[in-house]
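Please take a moment to look over the sequence and the model before reading on.

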Amino acid sequence: METATHHHVEVLARLKANLESCILGKSSEIELLLTAMLAGGHVLLEDVPGTGKTVLIKALARSIEGQFRRIQCNPDLLPSDITGVSIYHPKEEKFLFRSGPIMTNILLVDEINRATTKTQSALLEAMEEQHITVDGDIHELPSPFLMLATQNPIDFEGTYILPEAQLDRFMIKLSLGYPSEAAEKLMIASQSKLHPMESLQAVMDTSQVLAMQEQVRRVHLDEAVADYLVTIARKTREHQAVFLGASPRATLSLVLAAKSYAFLQGREYVIPDDIKYLAPYVLGHRMILHSEARMDGATIASVLGAIFEQVRVPVRLEK
């Protein structure tokens, strides 16, 4: 595995450099995006408009030679606009399935919280089962399938809050934020003549992504580190400030994300620091605090920080 991992690390470094040429100063966020891709998870990007969310996702699709589709959500969007429909063909005297934009490798669901809850729910089956059901027939999605949804902050006009069941399907939630002053000046200089996306070249293909996803599952998770991870997840359900803690699905997501992040760093094993770094991005959006705790100033970050202090970190690992 060592030789294969070394080769994959080089390819992933080129992929990361590709994305960083389009989105400046967001190295950590790009790593989290690649972590989700290698783990086979989905990403929710919450941010104000114009911070480069769409550009980042398009750059990823082009870099892996993946098929890309985009859905612009609005209150008029129907579930069939996403999944596709069966249309009667008079000459053949039967219904033929016409696929929707969800039949792709990289799906960008732009401003997902502007769609109604009924339309949002159409994505749940695809996110979890990797297939859709139309008129009783199951249609498998292309592999790999990665959904990246963007949403505006919930206090923006015309937005619907995503239900807990749908939030739980996203492996990672992150925010790009505004660029630094230096990055913004560099962005002006780099895009004065030609947008970096125009000259972007693929560094790998989807078959390599699938091969890496297989390698990720073989990354070693020591029993002591697994106990550390499970204890943190369970503490989120027991903390007095928490109304709804991380689900068992969240625990499994954190395992896969940690393995993927370790693989991205060129390691064949997970360390406790991987868990601690990823937990806010994997568990944070799955937790709901009591209203009284929020009024007292508690935040998801402060609660997770308190949990980390309570849980003993394993210091001696053996493979």
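The structure is a predicted model. Its chain is assigned two domains, with domain 1 covering residues 1-206 and domain 2 covering residues 219-310. Taken over C-alpha atoms, the centres of domain 1 and domain 2 lie 24 Å apart. The two domains touch one another: 23 residues of domain 1 are in contact with 22 residues of domain 2. Between them, domain 1 and domain 2 bury about 2000 Å², and 62% of this area is on carbon and sulfur atoms. Within the area that domain 1 buries against domain 2, T35, D168 and M171 supply 27%, more than any other three residues.

The crossing of α9 past α13 is right-handed. On the side of α9, the contact is made by Y228, I232, K235 and T236, while α13 contributes L304, I307, F308 and Q310. Sorted by class, the residues of this contact of α9 with α13 comprise 5 nonpolar, 2 polar and 1 charged.

Helix α9 also packs with helix α10, which runs over residues 248-264; their axes come within 10 Å and cross at roughly 150°. Here, too, α9 passes its partner α10 in a right-handed crossing. The residues L229, V230, A233 and R237 in α9 meet P248, T251, L254 and V255 in α10. The contact of α9 with α10 has 6 nonpolar, 1 polar and 1 charged residues.

From α10 the reader may proceed to helix α11, residues 272-283. The helices α10 and α11 pack at about 130°, with 9 Å between their axes. That angle makes α10 oblique to α11, and the crossing of the pair is right-handed. In α10, the contact is made by A250, S253, L254, A257, A258, Y261 and A262. In α11, the corresponding residues are D274, I275, Y277, L278, A279, V282 and L283. By class, the contact of α10 with α11 has 12 nonpolar residues, together with 1 polar and 1 charged.

Two details of the backbone remain. Which peptide bond is cis, with omega near 0°? The bond from S143 to P144 is cis. P144 itself is found in the loop between β7, residues 137-140, and β8, residues 146-151. The second detail is at E65, a residue other than glycine whose phi is positive, near 55°. E65 is placed in the loop between α3, residues 53-63, and β2, residues 68-72.

Note on methods
Residues numbered from 1 in each chain as written. Predicted model: local features only at pLDDT ≥ 70, side-chain atom pairs only at ≥ 80, totals over all residues. Heavy atoms only, no water. Left-handed = near helix turned anticlockwise from the far one by under 90°. Helix = DSSP H or I, 4+ residues; strand = E, 2+ residues; numbered from the N terminus. Contact = heavy atoms within 4.5 Å. Nonpolar A, V, L, I, M, F, W, Y, C, P; charged D, E, K, R; others polar. Domains from an automatic or database assignment. Buried area = accessible area lost by both parts, 1.4 Å probe. Axes fitted to C-alpha atoms, helices over the stretch in contact; angles between N-to-C directions. Parallel < 35°, antiparallel > 145°, perpendicular 65-115°, else oblique.
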